[in-house]
Amino acid sequence: MDFLGFIDHLLNLFAPAFGLALLVPSLARLVWFRALASVGWLHQVKWVLVANAAVLVAGLILLGRDGATWTYVGLVLASALTVWWTGLR
């Protein structure tokens with residue numbers, strides 16, 4: 001595998017983490033706009049991205065492959081818990 005192939009695989013590995021990091025805090029602001037008014041959107045996106053990246057790496061190590069359903073369940077839980085932790089608790 002050449003360098004560009006490696007970069008392509010790496011970007012595709014973290015694409016779900018990035019997508020949910022943008023989507024979940026944005027949708028949470030539509031529902032809990034008053035509670036999340038004091039927390040910056042970029043602050044939440046950053047922490048959701050970090051949590052989701054950790055879940056993806058842990059799923060890859062523990063399950064031995066990328067794209068496992070349990071890893072995606074972990075992504076959803078990590079996203080929701082991080083939004084709650086950074087703004088709703």
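A crossing is called right-handed if the near helix is turned clockwise from the far one by less than a right angle, and left-handed if it is turned anticlockwise. The axes of α2 and α3 come within 9 Å and cross at roughly 150°. That angle makes α2 roughly antiparallel to α3. Axes here are lines fitted to C-alpha atoms, for helices over the stretch in contact, and the angles run from 0 to 180 degrees between N-to-C directions.

Helix α1, residues 3–31, also meets α3: their axes come within 10 Å and cross at roughly 40°. The two helices are therefore oblique to each other. Angles under 35 degrees count as roughly parallel, over 145 as roughly antiparallel, 65 to 115 as roughly perpendicular, and the rest as oblique. The crossing of α1 and α3 is right-handed.

## Overall architecture

The protein chain holds three helices and zero strands. Read from the N terminus, its elements run α-α-α. Helices (H or I, at least four residues) and strands (E, at least two) are DSSP runs, numbered from the N terminus.

The C-alpha trace of the protein chain spans about 50 × 25 × 15 Å along its principal axes. Of the 89 residues in the protein chain, 28% are buried. Buried means under 20% relative accessible area, exposed means over 50%, and partly exposed lies in between (1.4 Å probe, protein chains only).

## The nonpolar surface patch

Helices α2 (41–63) and α3 (69–88) each supply at least two residues of the patch. Helix α3 gives the most, with six residues. W84 counts as partly exposed because its relative accessibility is 40%.

## Selected residues of helix α1

D8 lies in helix α1 and is partly exposed, with a relative accessible area of 42%. Its C-alpha atom is separated by 20 Å from that of A58, 50 residues apart along the chain. A15 is also placed in helix α1; its relative accessible area of 41% makes A15 partly exposed. The C-alpha atoms of A15 and W70 are 55 residues apart along the chain and separated by 17 Å.

L30 is found in helix α1 as well. With a relative accessible area of 64%, L30 is exposed. From C-alpha to C-alpha, L30 and G74 are 23 Å apart in space, and 44 residues apart in sequence.

## Basis of the values

Residues are numbered from 1 along each chain as its sequence is written, and side-chain values use heavy atoms, with hydrogens and water left out. Because the model is predicted, local features need pLDDT of at least 70 and side-chain atom pairs count only at pLDDT 80 or more, while totals for chains, interfaces and linings use all residues.
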